[in-house]
There are 2 protein chains.
Amino acid sequence: MAATEEELELLRKELVGMKEESEKQGELVRALKGKKVEKKEIEEAVEVLMKLKLEVQTKEKELVAKVGSDGGKSSNKETFRQQLNDTLTNRLFFIPAFKIYGGVAGLYDYGPPGCAVKANVLALWRQHYVLEESMLEIDCPCVTPEVVLKASGHVDKFTDFMVKDEKTGMCYRADHLLKDYCNEALEKDPLLTAEKRQELKGVLSTLDELDAQQLGAKIKEYNITAPDSKNPVSDPYPFNLMFKTSIGPAGNSIGYLRPETAQGIFVNFSKLYYYNGNKLPFAAAQIGQAFRNEIAPRQGLLRVREFTLAEIEHFVDPEDKSHPKFKDVADLQFLLYPRKEQLAMEKPVKTRIGDAVSQGIVNNETLGYFIARTYLFLKSLGIDEERLRFRQHLPNEMAHYASDCWDAEVECSYGWIEVTGLADRSAFDLKAHSDKSNEDLTAFEKYPKSKEVERLKVTPHLKLLGPAFKKDADTVGKALLAMAEEEALAMKAKLDADGQAPLEICTTGKTFTIKKEQVSISKEKVVETGRRFTPAVIEPSFGIGRIIYCMYEHCFYTRPSKSGDEQLSVFKFPPIVAPIKCTVFPLMQNEKLNDVAKRLSVDLTRAGVANKIDITGTSIGKRYARTDELGVPFAITVDFESLDAEREDATLRERDSRAQVRIPLEEIATVVRDISEGRLAWVDVLSKYPHVAPSHED
Amino acid sequence: MAATEEELELLRKELVGMKEESEKQGELVRALKGKKVEKKEIEEAVEVLMKLKLEVQTKEKELVAKVGSDGGKSSNKETFRQQLNDTLTNRLFFIPAFKIYGGVAGLYDYGPPGCAVKANVLALWRQHYVLEESMLEIDCPCVTPEVVLKASGHVDKFTDFMVKDEKTGMCYRADHLLKDYCNEALEKDPLLTAEKRQELKGVLSTLDELDAQQLGAKIKEYNITAPDSKNPVSDPYPFNLMFKTSIGPAGNSIGYLRPETAQGIFVNFSKLYYYNGNKLPFAAAQIGQAFRNEIAPRQGLLRVREFTLAEIEHFVDPEDKSHPKFKDVADLQFLLYPRKEQLAMEKPVKTRIGDAVSQGIVNNETLGYFIARTYLFLKSLGIDEERLRFRQHLPNEMAHYASDCWDAEVECSYGWIEVTGLADRSAFDLKAHSDKSNEDLTAFEKYPKSKEVERLKVTPHLKLLGPAFKKDADTVGKALLAMAEEEALAMKAKLDADGQAPLEICTTGKTFTIKKEQVSISKEKVVETGRRFTPAVIEPSFGIGRIIYCMYEHCFYTRPSKSGDEQLSVFKFPPIVAPIKCTVFPLMQNEKLNDVAKRLSVDLTRAGVANKIDITGTSIGKRYARTDELGVPFAITVDFESLDAEREDATLRERDSRAQVRIPLEEIATVVRDISEGRLAWVDVLSKYPHVAPSHED
């Protein structure tokens, strides 16, 4: 897809030539019609005209597709990132927060265009997921009492390993120190032996799996010191990443800022299940702030201390993870990177998601459905699908309870970045909260008709257990009742054969000998009206800031100015996410032109189109450049023809092709609204309204 | 406006009769057209039909306006609130957060309908303020470093007075204890003397102004004890309401959860001013979470520990607070409650905002503009304008730096509640941050042409100051330069008269004697290209949760079920804020009807209309009741006529009038979209499509 600037220039010239030809033919047709020549002659001329117009459209599409499609790929990554970040911070897409006080690492503000982009991305997310799937969206507090995060495991396990400079007390992430050491040695040390290189690469690939002791051992072995002072560092120890606070005035109630939004959904499961008419499956969703007190934030918007998450918890019967709408997406093809390919060091493969599910590569239809929908969502934001892949977690990356996990990863100048996690978390979360709260968090499936089923029944005979086990009798009785079906059947077989059987009680480690007469184990027929179970949860979780940053990288390109002496920045945002949809310019400073421009701006606002009017005296070329830099897809220029009572129209320019058409003033707001909301395509605008040669100043 | 259920029933019957008459006339017209009678005869019949239709429309409007307009006014407040809160919590508009763990006071979850209402209110706010005024919306972190909140005054002064139970340590708000004591005595103590009554009323009216010592004295005097234990309580002391945390791993960087979003805008002033082309006025806006660690939260959603704020900071030249769009709102009239009327114990007065500004009741046009726009905003949410007033702060309520403050207050079952504050905060905030950060937070107004102006010039002669004041010479020199114009002129007069003058240095308290030759003070002509100044800030600040709660109260009403044996709850939300715009029902359980209903639901989703399909076998009346309870404005019922190839239409029912029309299936999604988005009125739908008699089951 990549195109050099020369190729693009050629394409543009071809396009201009073709348009001129098409315009001329149009004039010919009009002239013929005026002359009342033979009908056949007119028809032939019209046919030629239609053909030319079609060619122009095709060429337009080609140009739009090629413009800027190389992103950060061909150019030098560092230069690309520098240019991008200069534009992003100069135009206030984002800026370090509290800058006048020196700022705080890992905290950023979204300025006006960034804030608008974020609002647009979230609105699209709501439309694409919540509205489309009738999800139950909820909104829970950020401040969370300790007990909730104790149950979820975050209080005990949401940690990174940290080391401290032994003299200054400065803190570092242990794995980052080790990673930086290995990377630097591999890059810069020419004396490294092949064996050593292999070792360091091994360390890098297993970095996420090292525990405190292993990390500490490596840091000692490689003599790694604090980067700022070269002082020795402490042994690594776990640092909890949650911001801690105190709720209420008494000071005895610990709270944390939530590290994710999911827990707010889990604790409400029963209410949501009831709201959904006690029916499964259903999905709940939440958009909101989450917080992680990172040890040493880096990589700009990619690792921050406060961020917006959009999470979905789709609750399903663990025995039926089919999805009624899977067939609608089954034919979609995109890059999948399953375990097998990763372990074999092969590349991601473009795969039909229907095949991935039927071949068992993706665990189930529901997970596959969300993967496919996420592909569509990210693509609609302007993420390049050639640099988007779904990578399956390796067994050692997944939590022990998870059935299958895939990360949507986007390639940007920092490498492949996880932007969305899609995990089948089984029943873990609901069980954890049910255990801790003693609340019932199960679902009930009523059978179409009641069923008679065989169930194993264990009855400990307490009168005999008492004398036999004294103070342990109660424990033994409970342990007998707690046996799994398999265990109980094994005991029954042993009792029938030998008259006695051993019973090991895990919690105490003691083993007791049970006699046949002390317990009855038998199969009984029971009538069941349905089954009660803890639902499984499939969780797509979206890091909105990361998605937006990757979108910035994929939408950013530069093109030379008219004079060729500078590179102009452009964001080719799809209209739906562009922060401003349209700018309105009077051609030059003139009160009458200003009045028309202001009226058009009011029309656009009424139509709900975010727009900006620019009545500064700057040259039209500079104003176009300013608007391109914000990724504004359309610009209206009001000129003296707009004032002409016979015409009353203005030019509308598309950002990437820089093609221009003339549209009547009264239609323009509606046209811009429709193309901004995706209800009308630019090519249709091109075919409906007369083209004009690009402005000399553009 | 209040209407009894009998009056409403009468109105409804009248309406049904009128509709029948109109339908009959319609049939007559069609019959006449079929018969090809005299043109005049048809015209006359059509004229009668038009008249009847117009009457139906007028009656419809009357009914819609009367339905539920009495809110919590006529019925008993407690009962009303109980019914409302039962509906709100049963239908998950909001619920106490973390309920399975016993909950946390002052923290709530918004369930699915509440979350949708909130998203709709915020979208409307964005359209009404941000888009309409081209405001610069930004998005800053909740976690805020101490220095920012030190500068704003929150670290030192954002406190409530607290007392502790001396034995149990339980905490209470001192003013709440005193308030409850006074109210209870006034209500329940029949032996209270007239004098004592007067005293307690006096305490209640000055409650907000008492300091710790005064509060403590009253608590002692009245022998007030801890409500839960009757133990004595401690002296009151200030408790800071901000949640405190620690940023980063080292533990030495204090942070707070922001108590408001405004500070994030102030610290970015320079960047936003630059973004706006270094032009004033402009407004910045922010929507986001804010946090207050209330001592003892009460009143449900009205006083919570975490809430959503939407704040605007409009920066203006303090010498020109006119507003170009003020004329667009000047004729609006609504309830104003100025200082004068409050002090005279008079009622709020319906006032034209243009008059309030020209008479100086409201300080300036910009403040008046935002008051009027806020009136429009709250009204569009369904807030009853008869129970909405703008109350001016009394001088003792305002911060010393503020020029004028008005609160939008809504009357609900808890009394008059502040939902929006509109304050002219002068240059206080920018100056505070500029002082603390040493950053320039000023604006510059360039004059159309440079001006020659006289400026006082003070030149300390350092060579003479040195020997005279030794180590103090530098301080004296700086103090001379820092003199205000008036001060310098007074010194000059004194020096000219006496040859010497005293100079008091405030920071040290020392006074020095300055000799005439040690300083020159003279007026000089200077050419100035413009003036530099700190902008003033006009701040409208919206408590979104409070607005939503008040809207719930004003939109809630009950009406008897068909059988008359129960009261059904209804929320008459305007379509634009309704959580779901439309429900789709098959008339009964039938696969063909279900299919059509599902297709319509997909059509609605495609059109961006939040909808819900209900294919349970419940009676249509019950399903209507369920949907009314969620405030869904429209319901589509698919019946067997919908399957009829000749008809292919379905009924559309409006929630409050319960009027029904039949609309072709292919048009229905577009019609519902247009009425939901306010582009089409229900009365227009009524006049365009044929009415049907309300379903027997409704």
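This is a predicted model: local features need pLDDT of at least 70, side-chain atom pairs count only at pLDDT 80 or more; totals for chains, interfaces and linings use all residues.
Residues are numbered from 1 along each chain as its sequence is written, chains are lettered from A in the order in which they are written, and side-chain values use heavy atoms, with hydrogens and water left out.

**Relation of the two chains**

- Chain B can be laid on chain A with an RMSD of 0.6 Å by a turn of 179° and a shift of 0.0 Å along the axis, which is the relation of a two-fold axis; the superposition is by least squares on the C-alpha atoms of residues with pLDDT of at least 70 in both.
- In chain B, the C-alpha nearest the axis belongs to B:Thr245, at 2.6 Å from it.

**Strand 10 of chain A**

- Strand 10 (residues 282–291) of chain A is mostly covered, with ten of its ten residues buried, that is, under 20% relative accessible area with a 1.4 Å probe and protein chains only; strands are DSSP runs of E with at least two residues, and helices runs of H or I with at least four, numbered from the N terminus.
- Strand 3 (residues 136–137) of chain A runs parallel to strand 10 of chain A and is joined to it by two bridges, strands being paired if DSSP finds at least two bridges between them.
- Strand 11 (residues 306–316) of chain A pairs with strand 10 of chain A in the antiparallel sense over ten bridges.
- A:Ala285 is the bridge partner of A:Glu137 and also stands opposite A:Ile312 in strand 11 of chain A.

**Open sheet of chain B**

- Three strands of chain B form an open sheet in the order 6-5-7, with antiparallel pairing.
- Strand 6 (171–173) and strand 7 (237–240) of chain B stand at the edges, each with a single partner strand, so one side of each is left without a neighbour in the sheet.
- Strand 5 (residues 159–164) of chain B pairs with strand 7 of chain B over four bridges, and B:Phe161 stands opposite B:Pro238 in strand 7 of chain B.
- Helix 7 (residues 174–188) of chain B lies across strand 5 and strand 6 of chain B, running at about 65° to strand 6 of chain B; axes are lines fitted to C-alpha atoms, for helices over the stretch in contact, and angles run from 0 to 180 degrees between N-to-C directions.

Definitions and conventions: Buried means under 20% relative accessible area, exposed over 50%, partly exposed in between (1.4 Å probe, protein chains only). Contact means heavy atoms within 4.5 Å.
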